[in-house]
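Subject: Structure for you to look at

Hello,

Here is the structure I promised. Please open it next to this email and follow along.

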Amino acid sequence: MNYLRLVLVIGAILGAELGWGQDSMVVGDSIGRIPFVTPAQDTLLKYLLDNKSGLSTAVELFSWQGLTLSAAGFVFFVMVGWNFWLKDWLKKYVQEKAEAKLQELTSLKKANILVLTSQTGNDSFLRDFFKEKKFPNVRFEQIGDTFKSINDFDYEVVFVNNDDNMIDKSVVREYAKGEQLLFYFGKPTSWDFQNDTPELSRKINFANSRAQIYGNLMSSLEFLELIKPRITNV
């Protein structure tokens with residue numbers, strides 16, 4: 001007898017003990033408006049009543065004590081497994097993931113970054129920032145109102161430090177005419193989007209406060225890792 005039938009037997013026979021024991025009920029009998037039938041008219045009821053004698057055996061088989069012992073054994077097994085295997089495996093897994101993420105970040109930070117600041121601007125914060133965050137390949141340049149090409153540094157990212165809002169955006173775009181990404185740090189609404197080409201719009205990212213620089217810059221570097229070396233075809 002499977003567990004489902006066992007549960008049906010127990011429930012139905014207990015019900016029979018409470019109210020079904022009178023075999024003399026016929027279809028016309030009722031309590032309120034609920035009709036009753038005799039065992040002969042309901043095969044399931046007849047089967048359950050015929051198996052009433054097996055109730056005590058079924059209850060004995062459904063041992064709560066045995067179930068409790070089984071649960072305790074399972075908990076004990078999990079605790080032993082945790083101490084001897086799962087804990088070490090989880091520690092190793094987390095460590096490997098952390099090392100992989102660190103290697104990924106280190107690789108992204110190796111990108112060549114050209115930082116442009118106006119001739120009257122201050123780049124001391126960014127110099128400390130890139131040093132603290134361990135970016136090894138950063139070049140700082142102050143620019144005026146005319147474009148001056150840089151031939152001795154193969155930069156992949158143009159970082160525009162326009163915190164003082166004194167940089168000429170048209171000059172900045174000249175530095176990012178190739179496959180370089182453009183990262184703009186400046187006040188909200190200070191960038192003239194209407195002058196961007198579709199190509200530039202696909203490779204520009206922004207930070208409007210110092211707190212946004214690291215996270216947004218790393219997002220740009222992840223994007224660079226995905227699409228280089230042919231960024232113009234994205």
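Start with the rings. Phe125, Phe129, Phe130, Phe135, Phe140, Phe159, Phe183 and Tyr214 form one aromatic cluster. Rings of Phe, Tyr and Trp (its six-membered ring) pair if their centres lie within 6.5 Å. Planes under 30 degrees apart count as stacked, over 60 as edge-to-face, and the rest as tilted.

Before going further, the ground rules. This is a predicted model, in which local features need pLDDT of at least 70 and side-chain atom pairs count only at pLDDT 80 or more, while totals for chains, interfaces and linings use all residues. Residues are numbered from 1 along each chain as its sequence is written, and side-chain values use heavy atoms, with hydrogens and water left out.

Aromatic pairs

The structure holds 13 aromatic pairs. Take Phe129 and Phe135: their ring centres are 6.3 Å apart and their planes are at 25°, so this pair is stacked. Both Phe129 and Phe135 are buried. Buried means under 20% relative accessible area, exposed means over 50%, and partly exposed is in between (1.4 Å probe, protein chains only).

How are the rings of Phe130 and Phe159 arranged? Their centres lie 5.6 Å apart with the planes at 80°, so the pair is edge-to-face. This pair links distant parts of the chain: Phe130 is in helix H5 and Phe159 in strand E5, 29 residues apart. Phe130 has 2% relative accessibility and counts as buried. Phe159 has 0% and also counts as buried.

The charged end of Lys109 is over the ring of Phe135, 5.5 Å from its centre. The charged end of Arg210 is over the ring of Phe125, 4.1 Å from its centre. The test is NZ of Lys or CZ of Arg within 6 Å of the ring centre and within 35 degrees of the ring normal.

The sheet and its helices

Helices (H or I, at least four residues) and strands (E, at least two) are DSSP runs, numbered from the N terminus. Two strands pair if DSSP finds at least two bridges between them. An open sheet of five strands has the order E4-E3-E5-E6-E7, with parallel pairing. Its edge strands are E4 (138-143) and E7 (204-207). Six bridges join E3 (residues 113-118) to E4. Thr117 stands opposite Gln142 in E4.

Helix H5 (residues 124-132) lies across E3, E4 and E5 (157-162), at about 170° to E4. Helix H8 (residues 210-227) packs on the sheet and touches E5, E6 (181-186) and E7. The direction of H8 makes about 175° with that of E6. Axes are lines fitted to C-alpha atoms, for helices over the stretch in contact, and angles run from 0 to 180 degrees between N-to-C directions. Contact means heavy atoms within 4.5 Å.

The cores

A nonpolar core is a set of buried Ala, Val, Leu, Ile, Met, Phe, Trp, Tyr and Cys residues joined through side-chain atoms within 4.5 Å. Which residues have the most contacts inside the largest one? They are Phe130, Phe159, Leu217 and Leu221, in a core of 21 residues. H8 gives the most to this core, with six residues. Apart from it lies another core, of 19 residues, among them Tyr155 and Trp191.

Asp192 lies in the loop between E6 and helix H7 (198-201). Asp192 is buried, with a relative accessible area of 16%.

Best wishes
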